[in-house]
Amino acid sequence: MLLKRLIVCLDVRNGRVTKGVKFKGNVDVGDPVEMAAQYCKDGADELVFYDITASAEHRCCDLDMVARAARALSVPFTVGGGIRGVEDMRAALLAGADKVSLNSLAVESPEILTEGAKAFGRQCVVLGMDAKRVPVSAAIPSGYEVVIRGGRQPTGRDALAWAKEAVARGAGEICLNAIDTDGVREGYELPITRMVSEAVSVPVIASGGAGTPQHLVDVLTEGRADAALVASMVHTMGYTCGGIKQALRDAGIPMR
Amino acid sequence: MITILDYGAGNLTSVRLAFERLGEQPEIITDAAQYKGGRILFPGVGSAASGMAGVQARGFDQLLRNAVAQGTPVMGICLGMQLLLGVSAEDGGTQGLNLIAGDCREFDRTKQPDAKIPHMGWNTLRYTAHPLFEGLKQDAAFYFVHSYFVTPENPAHVLGVTDYCGESFAAVVGSGSLFATQFHPERSGEAGALLLRNFLNWEGACS
């Protein structure tokens, strides 16, 4: 039976893990690779590293960190942040990443999804997508707009339509982050998660809003997500991966 | 000593590092002439046709045939497993090594419309008796990433099955000194490390 996945996200700023609220007010919580290794030991099914300053500094994600993570981790991990093209993807994958997450670049140059899938296989290409609640309109019928540049820049594009297009172009997985709930700890944004998950043929990772194990239960059942991403729950709120997974199992969700 | 075959199908970093975590220093070769003996790891990610072309261009087809004939332990992973079979439906039909008779075809979403393709994530394995499963729990989970699956002609060559998209497919196949997994042991946490460790200690016999 295919199991649901618990994914831990580490936002890396200048080589350190930080945790922010709605992309602002980041606080330092530790060394990314040491933390990831501990989460891996504790049962995390997958890890994600976002180099959140790479893009603004016009550089690729920290390849030294990627290589250290690859040595330390025996479960898959994704890297994102600062990827400028196929050559940066190649560098991240050769350093040992299993997948590369593309966000703003995919919106601005969607052919990168196709080029990446062709060069490395679509299983390596994750579409990272930030969606923001907006009034339903002709241009945005789902009521969720794609925003880029860390949530600062609206694109005028419909999140559901973009998810479908990205998969058609080559994305092998979607990590869907809801801006409105990110860092708020009151639950994932279930409606858009379910809409996207039911509309695409690839796995969907729900992100943004986890504060209790019940939030994960909700998004993995009602939200139809294949995986749930957590950050502050395990970084600063005192939850462990093992504890969260046991709570999910107790709720009838198949977990490793 | 363990030798990893690099035939241009995907990068081998995670496979190499998984063995390094077990205290091994694998040798990565790009041509059959570089082979100095010892057990062989045949990995791979990507499409069947370009993978098979890479295998042939480097002389790895003959190397693998010789190894199997001599009882050298060989482990295939993912595409490496699929290429051990006869024919793959991928890329309009690709002839494999036929070291295990059988075929390789794509998951059919009409059998289970809500199944996502690729089959990506952790799934459970039911296995039969084999030295490489020593110490492993039934229904242990392994990490899979694939859209095609193999079906050996001889059911005795199926060493483990996993359920997905309306199929109970062969997640592990083997014959003699050949052992191959559809999942990625190098990315499957402790269960995967156990399989790799067992492979390092295996002399190639079935029981």
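Helix 3 of chain A and helix 5 of chain A cross in a right-handed way, where right-handed means that the near helix is turned clockwise from the far one by less than a right angle, and left-handed anticlockwise. This is a predicted model, in which local features need pLDDT of at least 70 and side-chain atom pairs count only at pLDDT 80 or more, while totals for chains, interfaces and linings use all residues. Residues are numbered from 1 along each chain as its sequence is written, and chains are lettered from A and ligands numbered from 1 in the order in which they are written.

**The helix pair**
- The axes of helix 3 (residues 86-94) and helix 5 (residues 111-120) of chain A come within 10 Å and cross at roughly 40 degrees; axes are lines fitted to C-alpha atoms over the stretch in contact, with angles from 0 to 180 degrees between N-to-C directions.
- The two helices of chain A are therefore oblique to each other, a word for angles that are not under 35 degrees (roughly parallel), over 145 (roughly antiparallel) or 65 to 115 (roughly perpendicular).
- From helix 3 of chain A, A:V86, A:M89 and A:L93 meet A:I112, A:E115, A:G116, A:A119 and A:F120 of helix 5; contact means C-beta atoms, placed from the backbone, within 7 Å.
- By class, the residues of this helix contact are six nonpolar, one polar and one charged, with Ala, Val, Leu, Ile, Met, Phe, Trp, Tyr, Cys and Pro as nonpolar, Asp, Glu, Lys and Arg as charged, and the others, Gly among them, as polar.

**A closer look at A:A117**
- A:A117 also sits in helix 5 of chain A.
- Leaving aside residues up to four places away in sequence, A:A117 touches A:R122, A:V125, A:G170 and A:G172.

**Chain A as a whole**
- Chain A has ten helices and twelve strands, counted as DSSP runs (helices H or I, at least four residues; strands E, at least two) numbered from the N terminus.
- Buried residues make up 58% of the 256 residues in chain A.
- The C-alpha trace of chain A spans about 45 × 40 × 40 Å along its principal axes.

**Where the chains meet**
- Chain B gives 25 residues to the contact and chain A gives 23 residues.
- Among the elements of chain B that each supply at least two residues to its side are helix 1 (13-21) and strand 8 (119-127).
- That side of chain B has twelve nonpolar, nine polar and four charged residues.

Note on methods:
Contact = placed C-beta atoms within 7 Å. Buried ≥ 20, exposed ≤ 12 C-beta atoms within 10 Å, placed from the backbone.
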